[in-house]
Amino acid sequence: MMSISRRSFLQRSAAAAAAFTIAPNSILGKSHGYVAPTDKLNIAAVGIGGMGHANISHVKDTENLVALCDVDWKYAKGVFDEFPNAKKYWDYRKMYDEMASSIDAVIIATADHTHAMITADAMTLGKHVYCQKPLTHSVYESRLLTNLAKSTGVATQMGNQGSSDEGTDLVCEWIWNGEIGEVYKVECATDRPIWPQGLNAPEKEDRIPKTLNWDLFTGPAKLNPYNAVYHPWNWRGWWDYGTGALGDMACHILHQPFKALKLGYPTKVEGSSTLLLNACAPQAQHVKLTFPARENMPKIAMPEVEIHWYDGGMMPDRPKGFPEGKQLMGPGGGLTIFHGTKDTLICGCYGQQPFLLSGRVPNAPKVCRRVPKAMGGGHEMDWVAACKESKENRRVLKSRFEEAGPFNEMVVMGVLAIRLQALNKTLEWDGQNMQFTNIADNETIKTCIKDGFTIHDGHPSFNKDWTEPVNAKQFAAELIKHNYRDGWKLPDMPR
């Protein structure tokens with residue numbers, strides 16, 4: 001298989017783009033981010049066997065799928081067969097190298113740890129991007145995509161489709177209209193994970209299927225021996241590839257608080273969980289993020305607010321006055337409770353079915369733009385429409401990277417709180433500079449490698465294997481900004 005460096009494919013793609021400028025104006029416009037409304041986008045997709053297939057299904061009737069890329073051709077076979085005229089690839093870099101002049105936009109739905117580099121490379125080539133949630137695996141990666149969105153001006157959308165649902169609009173409008181007063185605490189929960197978590201790292205190496213390129217799947221992460229427990233779906237629970245239940249579902253459940261309360265960077269974070277292993281996300285966890293006061297709105301103040309997250313069966317207390325016999329977990333396997341000084345607002349995953357605990361039905365001004373058929377493909381098609389609009393007149397997408405990037409920082413900050421919980425302190429965060437300010441230079445941290453719990457003759461044994469203590473500041477820095485494996489690199493942060 002051809003090995004391609006990032007520099008090589010960007011150099012060749014730049015040359016192709018330069019040569020392409022002699023093409024007719026109608027095509028030239030497409031390669032520079034504008035397509036006439038009557039034209040179809042030429043879309044490439046990377047990671048097509050799971051959610052990528054769902055995203056493709058929402059755009060296939062109106063747009064052209066010209067290139068498809070996946071590291072597992074067995075998992076992707078049904079999509080390959082559905083689009084026989086699309087060019088097939090294993091390596092997204094080769095696809096970008098060969099197809100840069102023929103692609104207008106890219107849909108990305110790979111494992112979490114590869115989102116940032118595939119997305120960033122597409123943006124630097126001037127391609128519009130739809131990327132699945134969570135947007136990135138680390139804080140730095142989120143900041144990079146936020147700044148690239150500003151500097152490149154391409155149309156971007158994160159795949160948290162509930163942001164285009166009217167429930168999210170209503171939550172924002174009710175809060176902004178002062179219906180529940182000032183919000184001082186928000187509690188969120190999910191019924192996930194629905195995949196295994198809290199597992200010891202596998203000790204057996206399995207044979208790599210011929211249809212899977214494990215090296216390409218691994219990408220920038222540490223190259224672990226292949227085991228079937230990682231792929232194709234359960235990678236979400238493993239730290240090298242995923243972000244656990246929090247990264248998977250918080251993008252659907254925390255977006256309403258982030259948007260409605262106009263949150264920025266948290267100043268304090270802390271986390272707790274069931275047994276934390278250094279390779280796998282825990283079975284259940286609780287995260288608290290504290291956000292400072294923000295600028296007041298016309299009808300409400302924005303005081304300091306605590307945001308709580310629960311998963312794996314952990315739940316907040318039932319609010320006083322919540323109907324007896326009614327399940328607290330909301331529709332879609334999610335719950336958000338906004339505690340205000342005047343009332344309490346509750347909704348489900350994606351902001352679904354919002355209601356006030358008092359029973360009042362607000363009649364707030366509709367100030368948010370509605371996206372039709374949000375849960376039936378409207379989120380993707382709204383992005384498609386934005387790709388065809390000029391940068392100057394483009395609609396403000398519901399989860400554009402200028403918003404989704406800072407929001408995703410909030411999500412992966414929760415992961416940081418969990419992974420650094422052994423420091424036994426509330427961590428203080430300098431968001432602007434992406435660093436913790438109260439981890440001492442000489443502090444150390446160790447994590448559990450293996451849970452050796454056994455029962456022998458009725459007696460429990462709590463044997464655990466631990467890593468050697470490492471410098472906590474360096475450990476945190478790597479979680480904030482990953483050190484990529486040789487051969488993989490992000491573009492520089494725009495100035």
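Two strands are taken to pair if DSSP finds at least two bridges between them. In this predicted model, strand 8 (residues 268–273) and strand 14 (residues 427–430) meet that criterion, with 2 bridges in the antiparallel sense. Within this pairing, lysine 268 stands opposite glutamate 428 of strand 14.

The loop between strand 7 and helix 9 (214–218) contains isoleucine 194. Isoleucine 194 counts as exposed because its relative accessibility is 53%, and the cut-off for exposed is over 50%. Together with Tyr75 and Trp233, Ile194 makes a nonpolar surface patch of about 290 Å².

Helix 10 (residues 244–253) is mostly covered. Of its 10 residues, 10 are buried. Among them are the glycines Gly244 and Gly247, along with Asp248, Cys251 and His252. Leu246, Met249 and Ile253 are also on the buried list.

The UniProt record, an unreviewed entry, places the feature "domain: Gfo/Idh/MocA-like oxidoreductase N-terminal" at residues 41–159. In the model, this span is 38% helix and 21% strand. Its end C-alpha atoms lie 18 Å apart.

Methods:
Residues are numbered from 1 along each chain as its sequence is written. This is a predicted model: local features need pLDDT of at least 70, side-chain atom pairs count only at pLDDT 80 or more; totals for chains, interfaces and linings use all residues. Side-chain values use heavy atoms; hydrogens and water are left out. Patches are made of residues with over 30% relative accessible area and no salt bridge: like charges are joined within 9 Å, nonpolar side chains (Val, Leu, Ile, Met, Phe, Trp, Tyr) within 5 Å. Accessible areas come from the Shrake-Rupley method with a 1.4 Å probe; for residues, only the protein chains shown count as cover. A salt bridge is a side-chain nitrogen of Lys or Arg within 4 Å of a carboxyl oxygen of Asp or Glu. Helices (H or I, at least four residues) and strands (E, at least two) are DSSP runs, numbered from the N terminus. Buried means under 20% relative accessible area, exposed over 50%, partly exposed in between (1.4 Å probe, protein chains only). UniProt positions are given in the numbering used here, feature names are shortened, and annotations may be inferred rather than shown by experiment.
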